Amino acid sequence: EEVGGGGALVGMLDDPEFRDEAARLAQGDVLFLYTDGLVERREAGVARLHELLASSSGMAPEQIADRIDRELVGSGPARDDVAFLIARVGSDATVGS
């Protein structure tokens, strides 16, 4: 489930406006946060990210991170920052890139 969407550029505006978003997460759910550079890096964009995440159900956060790195981040120069964070509810593992 996607929650929220685009927002203000953090650190670029003197007085940005932020909005709160909420989602109910259950034991075992995965939270995935990312910067726009992740989906703007390749032509596939958000649709490809959704496909990767949907087909990663049941994988450990570390495995999901490796898959995102391999299939979306890849190698070569980046035009924008690329960062993401994965956390499984009820798990001690939190992985980011």
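Predicted model: local features only at pLDDT ≥ 70, side-chain atom pairs only at ≥ 80, totals over all residues.
**Salt bridges, burial and a charged patch**

Trainee: What makes Glu 51 and Arg 48 a salt bridge?

Mentor: Their closest N and O atoms are 3.2 Å apart. A salt bridge is a side-chain nitrogen of Lys or Arg within 4 Å of a carboxyl oxygen of Asp or Glu. The value of 3.2 Å falls within 4 Å, so the pair qualifies. Residues are numbered from 1 along each chain as its sequence is written, and side-chain values use heavy atoms, with hydrogens and water left out.

Trainee: Where do Glu 51 and Arg 48 lie?

Mentor: Both sit in helix α2 (residues 45-54). They are three residues apart, about one turn of the helix. Helices (H or I, at least four residues) and strands (E, at least two) are DSSP runs, numbered from the N terminus.

Trainee: Why is Glu 51 called partly exposed?

Mentor: Its relative accessible area is 47%. Buried means under 20%, exposed over 50%, and partly exposed in between (1.4 Å probe, protein chains only). Glu 51 falls in between, so it is partly exposed. Arg 48, at 25%, is partly exposed too.

Trainee: What else does Arg 48 pair with?

Mentor: Arg 48 forms a salt bridge with Glu 71, the closest N and O atoms being 2.5 Å apart. Arg 48 is in helix α2 and Glu 71 in helix α3, so this pair ties together parts that are 23 residues apart in sequence. Glu 71 is partly exposed, at 30%.

Trainee: How do you know that Arg 67 and Glu 71 meet in a salt bridge?

Mentor: The N to O distance is 3.4 Å, and that is within the limit. The two are four residues apart in helix α3, about one helical turn. Arg 67 is at 16%, under the burial cut-off, so it counts as buried.

Trainee: What makes these bridges one network?

Mentor: They share partners, joining Arg 48, Glu 51, Arg 67 and Glu 71. The whole structure has three salt bridges.

Trainee: Why is Phe 84 called buried?

Mentor: Its relative accessible area is 4%, under the cut-off, so Phe 84 is buried. Phe 84 is in strand β2. Buried residues make up 23% of the 97 residues in the chain.

Trainee: Where is confidence lowest and highest in the chain?

Mentor: Strand β3 (residues 94-96) is lowest, at a mean of 52, and β2 is highest, at 91. The chain's mean pLDDT is 80, with 79% of its residues at 70 or more.

Technical notes:
pLDDT = per-residue confidence, 0-100.
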